[in-house]
Amino acid sequence: MDIPPGFGLSLNEGSWGTMAEPLFDGVRGIIADRDRMFRHTLHSMLRPLGFASLGHTDNLDDIRDAVADGHLDLLVADIGVGEDGLPDLVHRIRHGHLGSNPFLVVVILAADPGPATVRRIIDCGSDVVLLKPMSAGALIERLRNLSANRKSFVVTTDYVGPDRRTSPRPGNQEIPLIEVPNPLSPNERADSPAFQRATEAAIRRINEEKVQRHAFQIGYLINRIAPAYLIGDPVETIRADLDRLLWVVEDLARRLPETRCAHLVQICGSVRQVAERVHARIEKPDEKDVRMMPELASTLRKACEAAGSVPAASAG
C-alpha cells in the first residue's frame with residue numbers, strides 16, 4: 001500500500017471545512033480504487049483533514065491486512081476492487097469473521113451499477129454507496145454527515161449493518177436497533193479505552209441478537225427439511241436448505257459461548273450432530289434422525305427465547 005505525498009492540490013473552503021479544520025482527527029483510513037489518478041486525488045484532498053493515517057491501494061489484500069491488524073476505521077473503496085470481491089469482504093467484517101472491529105465505516109463507490117450490484121452493496125452492510133463520477137467535496141460532505149449521523153445497526157441471520165428500513169415490515173419479527181461506535185465522530189476516538197469498551201459492548205449485543213435470529217432460522221429450515229424427507233421430496237429440493245442449516249448451526253455454536261445463552265452449547269451441539277448425520281447420508285438419512293430434528297430445534301428455540309428474555313445484568 002503506498003501513501004504518496006500530496007499532488008499539490010489545494011482544499012478549497014466549502015461547507016465541509018478548510019485545511020485548518022481537523023474533521024477526522026486520528027481516523028485511520030484507506031482509499032481503494034483501480035484508477036491510480038482518482039485515488040491520488042481523493043488522498044490529496046482528504047489527507048489534510050486530520051487523519052492519523054490514510055493509505056491508498058488498488059487491491060483487496062491491503063484492505064484485508066489492515067482490517068486483520070486492527071488498523072482501519074474508514075474504508076472508501078470502488079466496487080470493482082478485487083474482481084468484485086469487496087462486498088464479500090465487507091460482509092465478513094460485519095459478521096465478525098475478519099478483524100476485531102465490525103464497526104469501521106464503509107463507503108462503496110460505483111459507476112452506473114445495475115440492480116444486482118446495488119443489492120450486493122446494500123446487503124453486505126456498507127454505510128453508504130456513492131455513484132461515480134463524483135467530486136472529493138461530495139465524499140467529504142458525506143463523511144462529515146456520517147461523523148454526526150451514523151445509522152444504528154440491525155441484525156438478522158444474514159445481515160449486520162445500518163438500518164435502512166423506512167417502516168417496519170408487516171408480519172416480520174421486530175428487530176431492535178443497536179447503537180454502534182462511530183470512529184468518524186470527534187467524540188469517539190478509536191484509540192481510546194472508552195471506544196474499545198463501546199465496541200466490545202456492541203459486539204456482545206450483536207452476538208445476543210444473532211443467537212435469537214439463528215435459533216429462529218434453524219427452526220424454520222428444519223420445518224422445511226424434515227417434512228420434505230418424510231413425504232419423499234427429491235433430494236435436490238432439500239440440499240440447499242440442509243447446507244444452509246449446517247452454516248447457521250456452525251455460526252451459532254461460534255457465538256454462543258460469549259452470550260447469555262452459553263449454557264445451550266450442548267443442545268446446539270446435538271442439533272449440529274444430527275444435521276451432519278443427515279447431510280452425510282443426504283440421499284437416504286436415518287428416519288430416526290429426521291424425526292428428531294424438529295424436536296431439537298423446538299427445544300433450542302424455546303431455550304434461546306427464555307434466556308433472551310432475562311435482563312443482561314441478571315443473565316447467567
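## How α6 meets α7

In this predicted model, α6 passes α7 in a left-handed crossing. The two helices pack at an angle of about 150°, and their axes lie 9 Å apart. Angles over 145 degrees count as roughly antiparallel, so α6 is roughly antiparallel to α7.

Let's look at who takes part. On the α6 side, the contact includes Asn207, Lys210, Val211, His214, Gln217, Ile218, Leu221, Ile222, Arg224, Ile225 and Tyr229. From α7 come Asp241, Leu242, Arg244, Leu245, Trp247, Val248, Val249, Asp251, Leu252 and Arg255.

## The largest nonpolar core

Several of these names come up again in the largest nonpolar core, which has 33 residues. Ile218, Ile225, Tyr229 and Leu245 are the members that touch the most others in this core. Which element supplies the largest share? That is α6, with nine residues.

Setting aside neighbours within four places in sequence, Tyr229 is in contact with Ile238, Leu242, Val278, Ile282, Pro285 and Val290.

Another core lies apart from the largest one. This other core has 25 residues, including Phe38, Leu49, Phe51 and Val128.

Methods. Residues numbered from 1 in each chain as written. Predicted model: local features only at pLDDT ≥ 70, side-chain atom pairs only at ≥ 80, totals over all residues. Heavy atoms only, no water. Core = buried A, V, L, I, M, F, W, Y, C linked by side-chain atoms within 4.5 Å. Buried < 20%, exposed > 50% of the residue type's maximum accessible area, 1.4 Å probe, protein only. Helix = DSSP H or I, 4+ residues; strand = E, 2+ residues; numbered from the N terminus. Contact = heavy atoms within 4.5 Å. Axes fitted to C-alpha atoms, helices over the stretch in contact; angles between N-to-C directions. Parallel < 35°, antiparallel > 145°, perpendicular 65-115°, else oblique. Left-handed = near helix turned anticlockwise from the far one by under 90°.
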